[in-house]
Amino acid sequence: MAMTNNDNQWWKKAAIYQIYPKSFCDSGGKGTGDIQGIISKLDYLDKLGVDALWLTPIYESPMVDNGYDIADYYQVNPDFGTMADFDELLSKAHQRGIRIIMDIVVNHTSTEHVWFQSALGDKQSPYRDYYIWKDPVNGGAPNNWQSKFGGNAWALDEKTGQYYLHLFAKEQADLNWENPKVRDEVKKVISFWAEKGVDGFRLDVINLISKQQDFASDDMGDGRRFYTDGPKVHDYLQEISEAVFQKYGSVTVGEMSSTTLEHCQQYSSLDGRELSMVFNFHHLKVDYPNGEKWTKAPFDFLQLKQIFNHWQTGLNGKGWGALFWCNHDQPRVVSRLGNDQQYRVESAKMLATSVHMMQGTPYIYQGEEIGMTNPGYTELSQYRDLESTNMYRIMVDEQGVTHDDMMAILAQKSRDNSRTPMQWDDQAHAGFTTGEPWLSVADNYHDINAKSALAEPHSVFYFYQRLIALRKEVEVITTGDYLDLYPQHSAIFGYQRRSETQTLVCLNNYYDQPVSCELPNQLPLDQADYILGNYSLDEMKAVEHQQNLRPYETRVILIHH
Ligand code: GLC
């Protein structure tokens with residue numbers, strides 16, 4: 001049974017921890033993590049205080065895209081363990097009051113899925129119409145849509161002469177959601193896991209499931225405008241929600257690729273007709289100049305604040321968002337927006353505070369709670385991610401980018417930056433495995449690891465523990481509105497949250513120089529207290545009008561009305 005709770009919106013005060021099982025903890029010396037490894041760390045996660053775990057896909061898969069290519073939705077990948085291991089994890093997590101959220105990938109399946117295997121090469125297969133097939137145009141691909149991982153998004157089925165659509169790798173064939181049988185299969189899959197007692201679902205690239213049916217070439221871009229937030233996506237989500245999510249009371253978070261606020265208000269509308277909440281990625285494109293990910297570039301600080309302002313004010317009272325910096329597709333935030341050398345601890349805490357004090361549900365990606373960094377790989381052979389290796393081939397072999405420039409770009413942007421093994425202690429391979437890890441551990445694991453974080457009262461770990469607890473104690477964090485106090489300030493990101501009974505101010509210095517700002521005049525500072533900071537605040541008990549922030553300093557001030 002899923003965990004029950006009188007409050008069916010428990011997730012509004014919750015923090016969710018993301019586990020990338022392959023890199024979390026290996027119980028068997030194989031070099032890859034597994035479910036028993038996760039079970040062995042439940043006490044650690046309980047100590048952190050997280051309310052739920054989101055597991056990235058653990059189903060049967062050839063692992064071309066590390067499990068986002070599912071070959072059987074009803075089986076656990078033997079690399080991760082057995083169904084009995086999964087049941088044990090579910091019950092041991094529930095015993096500790098921790099919920100489990102599964103990752104559901106239904107925009108596409110692996111080309112090794114039996115449906116695709118039956119459909120391939122056989123126009124008469126009952127599964128042919130589960131996928132999207134088109135005749136060639138001018139002897140080539142049906143249109144110019146681009147795969148998210150590089151190259152054209154269509155692959156040829158030699159035997160029938162038709163092409164199938166794959167918005168991701170060619171081993172990930174897009175499902176045809178126009179076919180009601182596909183939608184019924186999806187309901188069956190999700191119900192299977194809900195029946196087991198799983199508490200919720202993260203829906204992979206769910207806003208791409210409805211494609212414009214003319215499949216026209218895109219003379220203005222890569223095709224995304226013809227399938228992003230597509231024509232029937234809301235109908236499809238309402239159908240699945242009614243049949244499964246509402247029936248089981250599941251929490252749901254949709255991963256939304258290149259979406260808009262207006263669509264997200266609808267996806268996460270407060271009446272619960274579609275999903276509980278959404279992930280959007282606009283704030284993580286501030287280091288993509290002109291939308292181009294594959295460049296080495298600094299981040300645009302003013303744009304970052306504008307984006308948060310747009311989403312925080314736009315979702316308030318209308319929908320609900322996920323708050324996050326890190327996941328298995330994003331580089332480590334302390335390397336990306338902070339300072340992973342001299343101010344690693346300060347900047348990790350400051351960055352965490354700046355999103356945890358917003359409205360939404362915070363997500364913590366494994367290792368973020370100890371301030372893990374990008375590994376700084378220097379050799380192409382160190383990378384495993386297919387997006388990274390594809391882009392190397394396209395940019396170096398086809399577009400003439402130099403090897404050195406591409407290596408610098410990968411060191412900043414590759415998805416492998418966050419997939420390196422979790423750093424548990426200072427033993428070989430950071431205690432992740434007794435074998436040879438599938439992806440090399442970052443060299444800094446001697447200093448940065450969970451064991452030393454647990455032994456140090458001022459560590460990033462205990463700071464996250466406090467942030468998670470604060471959300472449950474201080475009501476305005478969940479309910480308050482949002483006001484950006486210094487939108488034009490070149491170093492400070494400061495915002496105010498206000499409810500009927502409380503006002504909270506969160507100040508963050510994003511750079512390594514001291515800076516100052518003035519609090520708004522109307523705030524009654526005689527009723528204000530510092531409730532959190534990443535430097536000692538003892539010597540300044542009274543909250544002053546002028547705020548002088550040290551490098552990467554964060555301060556949270558609470559006022560009771
Ligand atoms: C999502 C996943 C990513 C995966 C892609 C295709 O963006 O987070 O890891 O490669 O979908 O399934």
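Helix axes here are lines fitted to C-alpha atoms over the stretch in contact, and angles run from 0 to 180 degrees between N-to-C directions. The model is predicted.

**Exercise 1.** Classify the crossing of helix α10 and helix α14.

Solution. 
- Take the values. Helix α10 spans residues 344-356 and helix α14 residues 460-473. Their axes come within 10 Å and cross at roughly 15°.
- Apply the cut-off: angles under 35 degrees count as roughly parallel. Therefore α10 is roughly parallel to α14.

**Exercise 2.** Determine which residues of α10 and α14 meet, and how they divide by type.

Solution. 
- From α10, take Val345, Ala348, Lys349, Ala352, Thr353 and His356.
- Their partners in α14 are Val460, Phe463, Tyr464, Leu467 and Arg471.
- Sort the residues of this contact: seven are nonpolar, two polar and two charged.

**Exercise 3.** Assign a geometry to the ring pair of tyrosine 59 and tryptophan 193, then locate both residues.

Solution. 
- Ring centres must lie within 6.5 Å to pair. The count by this rule is 41 aromatic pairs.
- For tyrosine 59 and tryptophan 193, the centres are 5.6 Å apart and the planes stand at 75°, so the pair is edge-to-face.
- Tyrosine 59 belongs to strand β3 (residues 59-60) and tryptophan 193 to helix α5 (residues 180-196), so the pair ties together parts 134 residues apart in sequence.

**Exercise 4.** Describe the span that UniProt marks as a domain.

Solution. 
- An unreviewed UniProt entry places "domain: Glycosyl hydrolase family 13 catalytic" at residues 18-419.
- The end C-alpha atoms of residues 18-419 are 12 Å apart.
- This span is 32% helix and 13% strand.

Note on methods: Residues are numbered from 1 along each chain as its sequence is written. This is a predicted model: local features need pLDDT of at least 70, side-chain atom pairs count only at pLDDT 80 or more; totals for chains, interfaces and linings use all residues. Side-chain values use heavy atoms; hydrogens and water are left out. Helices (H or I, at least four residues) and strands (E, at least two) are DSSP runs, numbered from the N terminus. Angles under 35 degrees count as roughly parallel, over 145 as roughly antiparallel, 65 to 115 as roughly perpendicular and the rest as oblique. Contact means heavy atoms within 4.5 Å. Ala, Val, Leu, Ile, Met, Phe, Trp, Tyr, Cys and Pro count as nonpolar, Asp, Glu, Lys and Arg as charged, and the others, Gly among them, as polar. UniProt positions are given in the numbering used here, feature names are shortened, and annotations may be inferred rather than shown by experiment. Rings of Phe, Tyr and Trp (its six-membered ring) pair if their centres lie within 6.5 Å; planes under 30 degrees apart count as stacked, over 60 as edge-to-face and the rest as tilted.
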